[in-house]
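I set out to record, entry by entry, what I looked up in this structure.

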Amino acid sequence: MCRSTTQKAAVYGDTLVLLHIISSHSNLRVRGFPTNFLFGTASSSYQFEGAYLSDGKGMSNWDVFAHKPGSIGDGSNGDVAVDQYHRYLEDIDLMEAIKSTATVFNFMGENSTEYASCFNKIFGEVNLAGINYYDRLIDALLLKGIQPFVTLFHFDIPQELEDRYGGWLSPQSQEDFVFLADICFKSFGDRVKYWVTFNEPDLMSHLVTVEVISHHVAALANWKLQILDPILFGKYPKEMEMVLGTILPNFPSNDQVKLKEGLDFHWNLHNRGFYINEVQKKMGGPNGELTPFEWLNVYPQDHLDNLLAAIREGADVRGYFAWSLLDNFEWKFGFSVKFGLYHVDRATFKRTPRLSASWYKHFIAKHKTESIMPTT
C-alpha cells in the first residue's frame, strides 16, 4: 500500500541522511537511534548493474560517453560494472548480512521502462524485461525486510533523448521524464514507498513530476540544498539570484504554488567512503585507510555521533545510507577508486567484506538495541 504523509523535511548528515522535522515526538527523550531508524546502503544503476544492451536495453548517454577513448581515467566502462544485474540476489544477501534495513538505487533509464525511447529501440514502448527485473529486485528486497528507496534519475538517460533534442537542455525532457515517472509509479508504487526525483536536480522537471507522483505516493525527495528555497518558498535564494541573475528561469505564480507543495522529505549526498583500520581506530585517528581523494575521506563514528546528538536535540532523523555497498564504476575515475563496504574482484566479481562492513554491521546491531524513552 502507498504511504501518505503531510510532513515536510530537512537534511543533516553523512552519506545519505533522511530527515523529517520533528513534531509529535517532542515529548520524548531519545537515548539512542529510534527503533525504526533505517540503516542502509546506496547504489546507482550504471555504476552497479552492467547488462550492456541486454534484454532489450537501449543505449544511455553514459554508454556512449564511456566508450569514447580518453573519457574514463582508467580506460574502463560500465558495460559489466559489478554485474549486479545478474548478481542482485547475492548483493541483497550482503545487505542482509550487515543488518541493513534500507537501500537506495535507481532504475536504469534504458533498461526498465520506456521514457520516450527509454529502454528499447522502438520509440515509446515499454521494455517488459526491464520491468520484470526491477519487480524481482524489489520483491527480493522486501522479502529480506529491506526498504527500497528509488531514485528516478542518477546521471544516465537514454542516448536517443540526447540525440533528439539535447536531453535536459530541452523543456521536452520534462514531458518524457514525467512519462517515465508515471510508468514507474504504476509498475512499482504498490511496493515502493519512497521516491527520489533527481540525484542532481532539474527544478522544472521536478515540479511537473510532483504532479504525477502525488497521485501514486506521498514521499518525494531532492538532493541539492540550493534548490530548497524554490521548493519550500517558491523563489530563489537571494545569493543565487545575485550570482546567476537572468540565467535563472522565471516561475509563473501557479508553478510557485506547485513547488511549495512538492516536498515531503529531503536528504543530502555527503559522498564519502571509508575503510576501517583497526590500528588507526585504536589510536583515535581516521576510521580507516585514506582514499586517494580528499572528498572520499570520512570519520564515520564522528559523523554518526553528531547525527545522534542532533536526534537528541529534537531533529527527527529517519535514516542513514552508506555509499557504497560495493566497489563500483566511479564515473570518470572508472574502477581506480575503491570505497565499497565490500571489495569486488574485477576478474571474478567475488564480493569480499572489508573491515568497514564488519564495523557497520556491529554499529547497526548495537544501536538497534536502543530505543526512544519517555521523558522522566
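**Entry 1: Trp 331.** I began with Trp 331, which counts as buried at 11% relative accessibility; buried means under 20% relative accessible area, exposed over 50% and partly exposed in between, with a 1.4 Å probe and protein chains only. Trp 331 lies in the loop between β9 and β10. I noted that its phi is positive, about 50 degrees, although Trp 331 is not a glycine.

**Entry 2: basis of the values.** I recorded that this is a predicted model, in which local features need pLDDT of at least 70 and side-chain atom pairs count only at pLDDT 80 or more, while totals for chains, interfaces and linings use all residues. Residues are numbered from 1 along each chain as its sequence is written, and side-chain values use heavy atoms, with hydrogens and water left out.

**Entry 3: the chain as a whole.** I looked up the secondary structure and found 13 helices and 12 strands. Helices (H or I, at least four residues) and strands (E, at least two) are DSSP runs, numbered from the N terminus. Of the 376 residues of the chain, 55% count as buried. I then looked up contacts, meaning heavy atoms within 4.5 Å. Among contacts between residues at least 6 apart in sequence, 75% join residues at least 24 apart.

Entry 4: Phe 155 is in the loop between β6 (147–153) and α5 (159–165). Phe 155 also has a positive phi, about 85 degrees, although it is not a glycine. Is Phe 155 buried or partly exposed? Phe 155 is partly exposed, with a relative accessible area of 23%.

I next looked up the aromatic pairs. A pair of aromatic rings is described by the distance of the centres and the angle of the planes. Rings of Phe, Tyr and Trp (its six-membered ring) pair if their centres lie within 6.5 Å; planes under 30 degrees apart count as stacked, over 60 as edge-to-face and the rest as tilted. By this rule the count comes to 26 aromatic pairs. In one of them, the centres of Phe 33 and Phe 39 are 5.3 Å apart and the planes stand at 70 degrees, so the pair is edge-to-face. Phe 33 and Phe 39 are both buried. Phe 155 and Trp 331 form an edge-to-face pair, with 5.1 Å from centre to centre and 70 degrees between the planes. This pair links distant parts of the chain, since Phe 155 and Trp 331 are 176 residues apart.

**Entry 5: the aromatic cluster.** I found that Phe 155 and Trp 331 belong to one aromatic cluster, which also includes Tyr 46, Trp 62, Phe 65, Phe 153, Trp 168, Phe 177, Phe 329 and Phe 335. The charged end of Arg 346 sits over the ring of Phe 335, 3.6 Å from its centre. The rule asks for NZ of Lys or CZ of Arg within 6 Å of the ring centre and within 35 degrees of the ring normal.

**Entry 6: Phe 198.** Phe 198 is in strand β7 (residues 194–198), and counts as buried at 0% relative accessibility.

**Entry 7: helices α3 and α4.** The axes of α3 (residues 84–97) and α4 (residues 128–143) come within 10 Å and cross at roughly 10 degrees. That makes α3 roughly parallel to α4. Axes are lines fitted to C-alpha atoms, for helices over the stretch in contact, and angles run from 0 to 180 degrees between N-to-C directions. Angles under 35 degrees count as roughly parallel, over 145 as roughly antiparallel, 65 to 115 as roughly perpendicular and the rest as oblique. Among the residues that meet are Tyr 88, Leu 89 and Ile 92 in α3, and Tyr 133, Arg 136 and Leu 137 in α4.

**Entry 8: Asp 91.** Asp 91 is in helix α3 and is buried, with a relative accessible area of 0%. Which residues does Asp 91 contact, leaving aside its neighbours within four places in sequence? They are Gln 84, Leu 325, Leu 326 and Arg 351. Asp 91 and Arg 351 are 260 residues apart in sequence and 8.5 Å apart in space, C-alpha to C-alpha.

**Entry 9: a cis bond.** The peptide bond from Trp 323 to Ser 324 is cis, with omega near 5 degrees. Ser 324 is in the loop between β9 (316–322) and β10 (342–344).
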